[in-house]
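Subject: Structure handover

Hello,

Here is the structure we spoke about, with the sequence alongside. My notes follow below it.

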Amino acid sequence: MMQQYLRLKAEAGPLLLFYRMGDFYEMFYEDAERGARLLGLTLTKRGASNGTPIPMAGIPVHAMEQYLARLVAQGESVAICEQIGDPAASKGPVERRIVRIVTPGTLTDEALLPAKADRALAAICIHGKGRLQRAALAWLNLASGEFRVTECAPAQLESELHRVSPAELVCPESLDLSFPFEGARTRVPDWHFESDGARAHLLAHFKTDSLSGFDVDDMPAAICAAGALLRYAARTQSQALAHVQGMAVDRPGEYVLMDPVTRRNLELTQTISGEDAPTLFSLLDGCQTPMGSRLLRRWLHHPLRDNAAALARQQAIAALLAGRMDVAQTFSDADLLESLRGALNAFPDVERIASRLALRSVRPRELASLRDALRALPTLHDLIAPLAGTPRLGQLAAHLSLDPAIAELLTRAIAQEPAVAIRDGGVIAAGYDAELDELRALAADGGDFLLQLEARERERTGISNLRVEFNRVHGFYIEVTKGQTDKVPEDYRRRQTLKNAERYITPELKTWEDKVLSAQDRSLAREKWLFEQVLDAVAAFVRPLSECACALAELDTLAALAEHARRHDWIAPQLSEQAEICIEAGRHPVVERTIERFTPNHCVLEATRRMLLITGPNMGGKSTYMRQVALIALLARVGSFVPATSATVGKIDRIFTRIGAADDLAGGRSTFMMEMTEAAAILAASTPNSLVLMDEIGRGTSTYDGLALAWAIAQRLVTHNQALTLFATHYFELTRLPAEQPTAANVHLAAAESAGGIVFLHEVREGPASRSYGIQVAQRAGIPAAVIRHASRELERLEAQGAPTPQLGLFSAAIEADAQAHAAHDQHEESAALQSLRDELAQIDPDSLTPREALDALYRLKACLP
């Protein structure tokens, strides 16, 4: 047996090997020590190798999933070795084989997968040299069969990986990533990514002579990544991936691009602190099915550049909001949207059930839930049919009409409440197979016989408390208490001794036991064979089932967005072809749900107004305002309604953010260095169609250096990049920029002082702020009163002295020139005033003036002074 184990362990390589032995999966040697440490198992010994005891640790078969989940969460991969031979027929060790490999990116079991998130497997490679170098990314969602590829510049690879967010990354052994990756990483030989081999593997899988139908002829690097990925995934499942029936291409211009920093700052699916809520996803996720929630998550991370695709979704939402049901229908007097969501609530995760069906890992109860879902499909189709005039809803409705043969087969074949696993029996419905029914009747027809046997034996032996019973270990037996054993007949054979009783078997009971247990074994074998036949029959419908699941997921997502729009007074934005964002009374979708009263605000960014310089006090709402504009633009590009009274959002190619303070201590980068790195990326990549959010750039260094950099960055954005920019700052000197650049404008977050201190109005008004209110904000934060008084005195002193002597730096020449110009202007005004005073004095005769005239002359002379 250990020789067999070592052969299989050599095949598994560095992976943990779960070696099936009866009702346990065992681990030996280093695997046992590692598994015991990771899972908290008891480490035991079994046998010896070269005189050294062999370490062993095991887990029960029925608890395997929970242990697998813990290992995968720690980034471990596990090879599952099963007994495939019959132990009764084996003279030596029973035949075993590695049937699948479980890795973080190849999970398909329901118990191991998060219900509302995808666990993708990705592969990357880089082809070419110099300026012709291209990075390729392929990813596969094994739980749904979705298979996609893309190509990009090597510098964009980190952003693309963050967009896909795979759980596991497959890459060539020779490739060194220049950026951190949080998921599991698997290295495979470089030849897996070789062009001819990868192409041949894809052609063999899709059974085609060419890949032209997948639109990848111009993407040679992507073909290499896709071939290597499919080879790796098929190896982990030890079978062909029948549910992977196509390969889609993500083109660079298809989605609004967002880098990892932007996704984090906008808190799309995770807060900045790493929590799952409150986020935009947690707010909008009113989906009734897990597949709808997963699609909503994908939509939020993939806003659309194309107006037509976003408009199709928006029109579908509008149709669901406007639709009313005929009162003669089943859900009389009900709103269409409510009825649709109620109907969707009954559907299981059809997407993942279809995938497990193709992989032949589907469970009996999942087939039962699929059967019930297929019965409910016609009702759902009837609900949507009246809205088929809306193009997108018409397309979705077409996928909801499946061949009734699938539901009919599952209804006939699967029991109403099947067992958890086929090995337990009770899965195939009564009446489906005559032979199975006969075997079940034989196996179950024991109650009367046992009662009769028990009564006869009590009478024959005179033992009144004699019992005939059964357990799974010892089978049928006659139990007699210790005090009555002297009355036991000679034909009783002892089977088990207990503390207070003896258990026996008789020839008659043994004959009957063999007959019943044989019928049970044959019944289970027949039921397993019939279950396999049902899987074969239903597997032919995997593709239409997958298409139906996609339609159900999209309907669910659209219905959730529609319901949220109706509950919270969201409107349909206008989608234009120009680079513009015009929002009237916009609201932050998340913040407005967490406070009692939210102040709506306008925003206008267009060709003649490309930058808003935002000033105002800390905590005045500048960051919230900037994020709300970005989220409204993102929601519009997703195809959703938005929180505003009206909105027009044009074509946007990228969203950039530089918000908040962070450092990278492990990478040796300070807060200011991180800030400048992010700013450099924005200056390098933003275009006139980009939306840029810059929050207090330059604050991490000295005042004049920070001011100089902020001025230069703002001017570069407005003159060179010409991006739609929201630029928040506490440098009031920057508010002079609109005087030089007509496409820039000043706005501020209003605040007022009252007897109780500063009051934040959270209202965006035109023009720059008058002051910063920093000391008042510090007072509200709980800074001691003595410190506040000291700060107020220092502020008055500094303001009285004027600005400190400027350091030599980027602004020194400009400041000196500005001072000289002001001095010259002041000298000219003073000279003109003195000349006017002389002229007025020359006209006065003091000897002839009356007291009244003298007083008037004095007032005129005073008016001549500046």
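At roughly what angle do the axes of helix α14 and helix α19 cross? The model is a predicted one, and in it the axes of α14 (residues 391-398) and α19 (residues 542-567) cross at roughly 140°. They come within 9 Å. The pair therefore counts as oblique, since roughly antiparallel is kept for angles over 145 degrees. The crossing of α14 past α19 is left-handed.

On the α14 side, the residues that make this contact are R392, L393 and L396. On the α19 side they are A551, E554, L555 and L558. Sorted by class, the contact has 5 nonpolar and 2 charged residues, with no polar ones.

N307 belongs to helix α10, which covers residues 307-322. Its relative accessible area is 8%, so N307 is buried; the cut-off for that class is under 20%. With neighbours within four places in sequence left aside, N307 is in contact with L575, S576, E577, R637 and K651.

M673 sits in helix α21, residues 671-685. Its relative accessibility is 44%, so M673 counts as partly exposed. M673 and G700 are 27 residues apart along the chain, and their C-alpha atoms are separated by 8.7 Å.

That is what I have for now.

Regards

Note on methods: Residues are numbered from 1 along each chain as its sequence is written. This is a predicted model: local features need pLDDT of at least 70, side-chain atom pairs count only at pLDDT 80 or more; totals for chains, interfaces and linings use all residues. Side-chain values use heavy atoms; hydrogens and water are left out. Helices (H or I, at least four residues) and strands (E, at least two) are DSSP runs, numbered from the N terminus. Buried means under 20% relative accessible area, exposed over 50%, partly exposed in between (1.4 Å probe, protein chains only). Contact means heavy atoms within 4.5 Å. Axes are lines fitted to C-alpha atoms, for helices over the stretch in contact, and angles run from 0 to 180 degrees between N-to-C directions. Angles under 35 degrees count as roughly parallel, over 145 as roughly antiparallel, 65 to 115 as roughly perpendicular and the rest as oblique. A crossing is left-handed if the near helix is turned anticlockwise from the far one by less than a right angle, and right-handed if clockwise. Ala, Val, Leu, Ile, Met, Phe, Trp, Tyr, Cys and Pro count as nonpolar, Asp, Glu, Lys and Arg as charged, and the others, Gly among them, as polar.
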